Amino acid sequence: MKAVVLDRYGNIDGVRAGEVPDPELRDDDVLVQIHAASVNPLDLKILKGKLKAILPYRLPIVLGNDLAGVVVRVGAAVRRFKPGDEVYARPRQDRIGTFAKFISVNEEDVAIKPRELTMEEAASIPLVGLTAWQALIERANLEAGQKVLVHAGSGGVGTFAIQLAKHLGATVATTTSTGNADWVERLGADVVIDYKKDDFAEILHDYDLVLDTLGGETLKRSLRVLKPGGQIISISGPPDPSFAKEAGLNWIVQQVMCLLSFRIRRAAKRRDVTYSFLFMKSSGEQLRRLASIIDAGAIHPVVDQVFPFESTKAALDYVEQGRAKGKVVVKVGGQSHSEATFWCRRDRVLPSTPVDGESELTSAVDRQ
């Protein structure tokens, strides 16, 4: 089958389009024909080799971390899904590979996609949606009336986290650039800090939670906005010992991560707040709950641009530039260059061309 493959770590030059074997179907798997997959900063970190200590992949591998598509076959032990179901998923980190025509995913990691969303919209959700859910709900237990700062509100995680936090009844502050200030306010942000003009750490005080998506100096300054007992959850800062232990990393790697996060953990302790690192996990159950919220109209996906499958490298390059508002999606079902579409929350233009690939689907299933 056709796929986008990483042959060597370093940069996008190590990525190519090619043919790979059809996925194997385990008893507890569903085989999905992928209609769309989104591009994430995680894909760039993987291809650059920045996560080798955490994710020791053996190259070559197929890239891609979330998807929307149609179930074409189920394993012998699968009970929740049947051929024809429209689903979305974030495969487990050791089974990534959504920049491809088909993928086998464990049943526990899959959910029926939100019914009102297109495949492209649904594909934009799993990784960022699960990240926001696990940070705000599972770890922080964010409640109505609390205050949360979400950094980089116009990014993939930011646009989703703002909406989820507002759904939970929290007061939401965010940082963004001048051009995106009004836009993130329309997403639901109560306080918008233009980082080009103002210092968020001088304006915000007594917050319960910070969701850090930037790391570095922004992470350090974020400690100042928290009230005693508050917490900062980072997806970009240094991994902490708890994460290393939970991930089952070897003792040497655990010690390295302990050292890497020592300063931020010590600084947090001095301010009577807590720091933790979050690496999102797959969960079909959480995706099912998110689908209910989305179908109720409380959260709307934000898709910046849709690229055709043959332009996946261009999509990766676009995300690397750091200018996307929301998510960037790859349409795997055969969209041509001329059909590439720009979307936003208020004014979406949807492709009318039906998804193709039926003949390839049939042949792939027959070969299983």
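**Exercise 1. Work out whether Asp29 is buried or exposed, then find its salt-bridge partner.**

*Step 1.* Asp29 has 0% relative accessibility, so it counts as buried (buried is under 20% relative accessible area, exposed is over 50%, partly exposed is in between; 1.4 Å probe, protein chains only).

*Step 2.* Now look for a partner: the side chain of Asp29 meets that of Arg95 in a salt bridge, 2.7 Å from N to O (a side-chain nitrogen of Lys or Arg within 4 Å of a carboxyl oxygen of Asp or Glu).

*Step 3.* The two sit 66 residues apart, with Asp29 in strand β3 and Arg95 in the loop between β6 and β7 (strands are DSSP runs of E, at least two residues; helices are runs of H or I, at least four; both are numbered from the N terminus).

*Step 4.* Arg95 counts as buried too, because its relative accessibility is 16%.

A quick note on the model: it is predicted, so local features need pLDDT of at least 70 and side-chain atom pairs pLDDT 80 or more, while totals for chains, interfaces and linings use all residues. Residues are numbered from 1 along each chain as its sequence is written, and side-chain values use heavy atoms, leaving out hydrogens and water.

**Exercise 2. Find which residue pairs with Lys327, and how many residues apart they are.**

*Step 1.* Lys327 forms a salt bridge with Asp66, at 3.9 Å from N to O.

*Step 2.* Lys327 is in strand β16 and Asp66 in the loop between β4 and β5, so the pair ties together parts 261 residues apart in sequence.

*Step 3.* Both Lys327 and Asp66 are buried.
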